Amino acid sequence: MTLAHVIASEVRAGTRRATDVLEDFLGRIATHDGDVHAFNTVTAEQARAAAAAIDAAVDEGRDPGPLAGVPVAFKDNLCTRGVATTCSSRMLEGWQPPYDATVVQAMTAAGAVMIGKTNLDEFAMGSSTEHSAFGPTRNPYDLARVPGGSSGGSAAAVAAGFAPLALGSDTGGSIRQPASLCGIVGIKPTYGRVSRYGLVAFASSFDQIGPFATDVADAALALGVISGHDPADSTSIPAAVPDFAAALARGVEGLRVGVVSELTGSRSGGANGGPALGDAAGEVLDGIDADVTERVLEAADALADAGATVGRVSVPAVTYGLTAYYLIAPAEASSNLARYDGTRYGLRVEGADVEEMNRLTRRTGFGDEVKARIMLGTFALSAGYYDAYYGKAQRVRMLTRRNFDAAYADFDVLLSPTSPCVAFRFGERADPMTMYRCDTCTIPSNLSGDPAMSVPFGTGAEDLPVGVQVMAPALKEEAMLTVAAALERAAPPLPKPPMVGVSGSTGAGS
């Protein structure tokens, strides 16, 4: 499986044709996606035309860009002009936007080739990609297990070797959690670092777009391409985009790394001759598997061995993160999804009058999980309950930001598990609260708006991947990437999914 930066380098140099690269990946999709179901739509003919245009540019001596000829998969809640953008919902089945999302424009301008649109939990509401109107996506490591969610299709596409890069959206962990379960790299940037224009909204104050890749270098490359101020997005930050790739080789000597006690706990045995950290301080959240905790503590040991100063840090408000998020996000969703009423676009189910048409359309078009979150959000915003629920949740959000600010006064980056467990079997977490706890470790960074990413670091139960989460202060993605690159260098080799074959932990191979 060739890395994105290798493909781009070879295509730009003229030693490899973009059309040949594309056909290799289309062949993999044709052979294996029937089992995985990473894609809702494969844009083969459009991709062939784009790849041919890139080859023509190279032949004429023009540089197509830093992602020249790299096939990229886009989550199916990113608007793509003339290509169905469904959000994996019957409500938008077949809808074709009249414009491209800003990130789609940026990737295309950099020479990337859109290879298709990936499956997701309906309207990005889920942690397993089981809640798609078009059927679930399966984890390439074990087809009986989930890939995580909601960006499970994008994560599975990269893990299975269907595309070197993919974009997803992260509202409560929907990039990082599937990246962890699929054994790849996933980044949630600082809120406002990447334009949300053209992302179909779930919870607007949380939603953020970011990349999936097989290694940190590719993820940094893609992040650099999609970052930057966008006047079309009022939340876009007018900040310069650093050279993210330059951060990868700096090393962690002198960096201060804090292991979040509430999300990690203490190791049961010890590794490498003994623990680098003392016992956890503060309340440790239940439900984080021991093998996942052990991998995080081993990652902390590796950073200490590489020269970082590693210590414990308490961020007490993370224990309330799940509760606060599942009041605020559904409240925003109930407002955002009110636009799907059968009147303007998308599904319409005729009724005797407008009220009945609206009711029948929403009953038919939305799945059970979306309906549940709309109802929860509407209740939280209703008269008599607003202050008791929504208002209090917003105060917890502010407390979380303050707790993180205090932690970052002492540490440059923070470490925790990404997911509390490895990939679980379909139907294993049918209870909503059990499913929602999958986001325990990722939600806090969405509440604070700070950047965070998942990096594979060894395996847990049944030899399935474990992801370590690296968190950093707002607009400090460079420090985050420096630590992520060091973890990648120290990580034990990760087995690849059977359909990809055996290769090293960097994702390089055949």
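Glutamate 369 and arginine 373 sit 4 residues apart in helix 12, which spans residues 368-381, and so they are separated by about one helical turn. In this predicted model, the two side chains form a salt bridge, with the closest N and O atoms 2.8 Å apart. Glutamate 369 is buried, because its relative accessible area is 13%, and arginine 373 is buried as well, at 4%.

Let me turn to a pair in helix 3, residues 44-59, where arginine 48 and glutamate 45 lie 3 residues apart, about one turn of the helix. Their side chains also meet in a salt bridge, at 2.5 Å from N to O. Here, however, arginine 48 counts as partly exposed, with 30% relative accessibility, while glutamate 45, at 57%, counts as exposed.

And what of aspartate 170 and arginine 176, are they buried or exposed? Aspartate 170 is buried, at 0% relative accessibility, and arginine 176 is likewise buried, at 0%; the side chains of these two residues meet in a salt bridge of 3.0 Å, N to O. Beyond such pairs, Asp142, Arg145, Arg425 and Glu462 are linked in a network of salt bridges, and the count for the model comes to 21 salt bridges.

Finally, a contact between helices. The axes of helix 9, residues 290-305, and helix 16, residues 477-490, come within 10 Å and cross at roughly 100°, which means that helix 9 is roughly perpendicular to helix 16. Helix 9 contributes Ala299, Ala302 and Leu303 to the contact, and helix 16 contributes Val483, Ala486, Leu487 and Ala490. Sorted by class, this contact has 7 nonpolar residues, with no polar and no charged ones.

Key: Residues numbered from 1 in each chain as written. Predicted model: local features only at pLDDT ≥ 70, side-chain atom pairs only at ≥ 80, totals over all residues. Heavy atoms only, no water. Axes fitted to C-alpha atoms, helices over the stretch in contact; angles between N-to-C directions. Helix = DSSP H or I, 4+ residues; strand = E, 2+ residues; numbered from the N terminus. Parallel < 35°, antiparallel > 145°, perpendicular 65-115°, else oblique. Contact = heavy atoms within 4.5 Å. Nonpolar A, V, L, I, M, F, W, Y, C, P; charged D, E, K, R; others polar. Salt bridge = Lys/Arg side-chain N within 4 Å of Asp/Glu carboxyl O. Buried < 20%, exposed > 50% of the residue type's maximum accessible area, 1.4 Å probe, protein only.
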